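Here is a short tour for anyone meeting this structure for the first time. Please have a look at the sequence and the model, and then read on.

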Amino acid sequence: LTMFGDRVNSAAWSPDGRTIAFASSRDPAGNVGPLNIAGGNLYAREVGVVGADTLLLKTDAGKTPHDWSRDGRYLAYTSRNDVWALLTPPSPDTKPLQVTATPFIESNPRFSPDGHWIAYQSNESGVREEVLIQSFPQPGPKRQVSANGGVLPRWSHDGKELFYVAPDLSLMSVSIASTGSTLHIGTPVRLFQSRAFQRNTGYDVSRDGRFLLNVSTTEQIAPPIVVVLNWARELKK
């Protein structure tokens, strides 16, 4: 992916749509773990504004931005296979908040609309990746949301559902309700299946509940091939 003339790993829109946060390898950072390759450092650029990019965070490890909280205060990113959150705009003494600290691989963090929870995927089960939720910004016990595997968590606009992709490429929905610090998690329900998820590609959920998928053109049905035998004899007729 190339953005603004640089090699970048990922990008995340600010909630007001005016700024894009991205990781650039213009000043390469060290990388630890397979999910941080070419992550670089975190920058931001205002859309439609001419000027220099703003350096958000520079460390000695690769970083990949994933999501911005709806109030614009925090940018979630992954680094060294853990989930982190950066207070924005950062001040010189701003230190990132480490959300997870495990020997496993956590990725794809997403803030709940109210900013009180953060969902992500983890391979800590040792069998498959699962979707987990924990409180934010204050740490708390994590809860598993998916059943029998799940990746790519996404929240509904009202925060009452959490979606994820199951191993059989089905999009699943789980009802979510919170009462203070208590989280009520429903049973996963299958919505539909799509080969668009087979490459672990992203998707998004619109305000009205529709899904935006990155469908490969190879999924289109090819026109039939017709073979004509003895065509020379037909021409003589």
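The sections below go from the overall picture to strands, charged pairs, one asparagine and a surface patch.

## How to read the model

This is a predicted model, in which local features need pLDDT of at least 70, side-chain atom pairs count only at pLDDT 80 or more, and totals for chains, interfaces and linings use all residues. Residues are numbered from 1 along each chain as its sequence is written, and side-chain values use heavy atoms, with hydrogens and water left out.

## The overall picture

The protein's secondary structure consists of 1 helix and 20 strands. Both are DSSP runs numbered from the N terminus (helices: H or I, at least four residues; strands: E, at least two). Of the 237 residues, 42% are buried; buried means under 20% relative accessible area, exposed means over 50%, and partly exposed lies in between (1.4 Å probe, protein chains only).

Among contacts (heavy atoms within 4.5 Å) between residues at least 6 apart in sequence, 35% join residues at least 24 apart.

## An open sheet

Now to the strands. An open sheet is formed by 4 strands in the order β6-β7-β8-β9, with antiparallel pairing. Its edge strands are β6 and β9 (97-98), each of which pairs on one side only. Two strands pair if DSSP finds at least two bridges between them.

The antiparallel pairing of β6 and β7 runs over 4 bridges. One detail to look for is Thr64, whose bridge partner in β7 is Thr78.

## Charged pairs

Side chains of opposite charge can pair when their charged atoms come close. A salt bridge here is a side-chain nitrogen of Lys or Arg within 4 Å of a carboxyl oxygen of Asp or Glu, and the count comes to 4 salt bridges. One of them joins Asp53 to Arg45, with the closest N and O atoms 2.5 Å apart. Asp53 counts as buried because its relative accessibility is 17%, while Arg45, at 24%, counts as partly exposed.

Another salt bridge brings together Arg80 and Asp60 at 2.8 Å, N to O. This pair links distant parts of the chain, 20 residues apart: Arg80 is in the loop between β7 (74-79) and β8 (82-87), and Asp60 is in the loop between β5 (54-57) and β6 (64-68). With 37% relative accessibility Arg80 is partly exposed, whereas Asp60, at 58%, is exposed.

## A buried asparagine

Where is Asn41 found? Asn41 belongs to strand β4 (residues 41-46), and it counts as buried because its relative accessibility is 1%.

The Asn41 side chain reaches the backbone nitrogen of Thr59 at 3.2 Å. The side chains of Asn41 and Lys63 are also joined, by a polar contact of 2.9 Å. A polar contact is a pair of N or O atoms within 3.5 Å; within protein, one must be able to donate a hydrogen and the other to accept it, and residues adjacent in sequence count only if both atoms are side-chain atoms.

## A nonpolar patch

Ile225, Val227 and Leu229 make a nonpolar surface patch of about 400 Å². Patches are made of residues with over 30% relative accessible area and no salt bridge; like charges are joined within 9 Å, and nonpolar side chains (Val, Leu, Ile, Met, Phe, Trp, Tyr) within 5 Å. Val227 lies in the loop between β20 (211-213) and α1 (231-236), and Val227 counts as exposed at 65% relative accessibility.

Terms used
Accessible areas come from the Shrake-Rupley method with a 1.4 Å probe; for residues, only the protein chains shown count as cover.
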